[in-house]
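Grab a viewer and work through a few exercises with me. Try each task on your own before you read its solution.

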Amino acid sequence: MKNSRVIKNIIAIVLIAAFIIPGFGSVDVKAASYKTGIYEINTQSTPLNVRSYFGSEYMKVGEIAKGKKVHVTFVSSNGWGRVTYGDVHGWISLEYCKYIGEYEENESEASSLDNVSYGISTDNLLWVTGWKQEFSKSSGLCTSSATTSLLRRRQAAEGKEVTFNFGDIRAALGGNPIPDANGKYESCNSYFSSTTPFVHLTSEGTKSEASIAASEDETEDEAEPVEPEVYYLIKETVGTHAKNREYLADLLDVHPEGVVTYATYPKNGRHAILISDYERKSDGSLQFYAYDPANGNGRCKLEETWMMKKVGSVGAFFSNMISIWYVQGELKVDDGYFTHPEAQVFNRSVTVKKKKTGAYAEADMSAEPLVTFAKGDVLNVCYMLTGEDGTEWYITDDELYIEASRVQVE
């Protein structure tokens with residue numbers, strides 16, 4: 001009887017708490033109702049903040065103006081959505097957004113989204129997490145920053161949704177993916193090896209390592225086709241070919257998404273950068289291009305990186321290289337993403353709006369036009385870039401350059 005009385009008292013307390021304590025024993029129905037897809041920013045007047053993680057207490061890494069439409073690729077349990085907006089990757093509160101509908105790659109609505117961009121460019125794959133603010137507050141972020149960009153470029157090159165983010169990579173490298181209240185990150189205590197798996201987060205959740213191992217144990221008859229969700233990175237040390245420039249060029253031929261190089265500089269400093277591509281000069285020498293997490297200027301010549309200021313020359317850079325990392329497996333796609341690494345992928349139709357609009361062999365109107373188009377002609381453009389003088393250009397399917405101001409995007 002005594003035990004029965006105790007149980008009745010406990011039940012009574014729980015029932016009272018459920019009525020008088022807000023949220024006690026309840027589920028946030030509103031948060032649970034959010035789903036991935038297209039959202040419109042629905043604030044009263046001010047832009048919506050983008051945070052480094054799902055919560056208002058985390059660091060602001062950017063903002064999105066009212067009325068903008070974005071693609072939310074993942075929804076947290078507390079009602080925050082993950083987005084990529086420009087060169088900022090982070091989380092927004094869906095409480096201040098209006099759901100528009102499901103995202104479809106070929107949907108006309110989706111083509112106007114500010115954060116939908118597939119391809120390799122200096123605009124859409126800089127560092128995607130607001131690291132421009134973060135990097136200045138803590139050291140030890142270069143490895144996870146360079147690796148994030150490498151894996152995102154690989155996904156884009158394979159035609160997949162770009163999902164890797166800074167926090168995922170930080171966690172895999174042994175670092176804390178969440179900054180403190182001041183936005184400061186702890187340095188990673190270890191670096192990746194060829195056995196470190198990078199499992200990317202999808203809108204359906206993370207595919208666990210246990211489920212991957214289980215699927216590998218199934219027989220051929222039982223196994224179901226599984227889209228690859230795990231990337232492994234090959235790590236070559238100084239004892240192999242790391243210092244050989246021609247070898248690096250050979251690697252980039254089969255890994256156009258890039259390779260991460262890790263080198264030392266005076267006073268025991270170490271730094272990682274992403275070598276993205278190269279070109280061979282008329283004299284046979286190699287010109288490498290890179291993304292350096294320490295300067296934030298996008299793709300630039302290797303000798304213009306922050307790292308080069310520390311080592312003094314390209315020769316010193318290769319002499320001080322410790323290791324080189326790249327994605328396991330050869331990239332076997334031919335989708336044109338890397339035809340113009342200096343440009344942004346921009347697959348759209350445009351209509352000529354100026355009479356006698358010239359198309360050129362390069363971004364230079366001082367040369368003779370190869371073709372002249374009439375007002376009203378419709379063209380398909382593949383790339384968009386900014387010339388040295390600041391003029392914007394489009395590149396057509398036929399490799400013709402047209403000044404952007406002379407056409408109207410459909």
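The exercises below go from a sheet to a helix, a core and a loop residue, and they all use a predicted model.

**Exercise 1. Work out the strand order of the open sheet of 7 strands, and find its edges.**

Solution. Start by walking across the sheet: the order is β9-β12-β17-β13-β14-β15-β16, and the pairing is antiparallel. Next, look for strands that pair on one side only; these are β9 (197-199) and β16 (300-301), the edge strands. Then zoom in on one pair: β12 (residues 230-237) and β17 are joined in the antiparallel sense over 5 bridges.

**Exercise 2. Describe how α7 starts, which of its residues are buried, and what covers them.**

Solution. Go to the start of the helix, where a side-chain oxygen of Asn 244 comes to within 2.9 Å of the backbone nitrogen of Glu 246. Moving along, the buried residues of α7 are Tyr 247, Leu 248, Ala 249, Leu 251 and Leu 252. Their cover includes β12, β13, β14, β15, α9 and β17. Pick out Leu 248: beyond its neighbours within four places in sequence, this residue contacts Val 259, Ile 275, Phe 288, Phe 318 and Ile 324.

**Exercise 3. Which residues of the largest nonpolar core touch the most other members, and which elements supply it?**

Solution. The core has 22 residues, and the ones touching the most other members are Leu 248, Val 259, Ile 275, Phe 288, Leu 302 and Phe 317. Now sort by element: α7 (245-254), β13 (259-265), β14 (269-280), β15 (286-291), α8 (306-311), α9 (314-319) and β17 (321-327) each give at least two residues. The top supplier is α7, with 5 residues. Apart from this core lies another, of 18 residues, including Cys 142, Leu 150, Val 260 and Val 327.

**Exercise 4. Is Thr 391 buried or exposed?**

Solution. Locate the residue: Thr 391 sits in the loop between β21 (378-386) and β22 (392-396). Its relative accessibility is 16%, so Thr 391 counts as buried. Finally, check its contacts: leaving out residues up to four places away in sequence, Thr 391 touches Leu 385, Thr 386 and Glu 403.

How values were computed:
Residues are numbered from 1 along each chain as its sequence is written. This is a predicted model: local features need pLDDT of at least 70, side-chain atom pairs count only at pLDDT 80 or more; totals for chains, interfaces and linings use all residues. Side-chain values use heavy atoms; hydrogens and water are left out. Helices (H or I, at least four residues) and strands (E, at least two) are DSSP runs, numbered from the N terminus. Buried means under 20% relative accessible area, exposed over 50%, partly exposed in between (1.4 Å probe, protein chains only). Contact means heavy atoms within 4.5 Å. A nonpolar core is a set of buried Ala, Val, Leu, Ile, Met, Phe, Trp, Tyr and Cys residues joined through side-chain atoms within 4.5 Å. Two strands pair if DSSP finds at least two bridges between them. A polar contact is a pair of N or O atoms within 3.5 Å; within protein, one must be able to donate a hydrogen and the other to accept it, and residues adjacent in sequence count only if both atoms are side-chain atoms.
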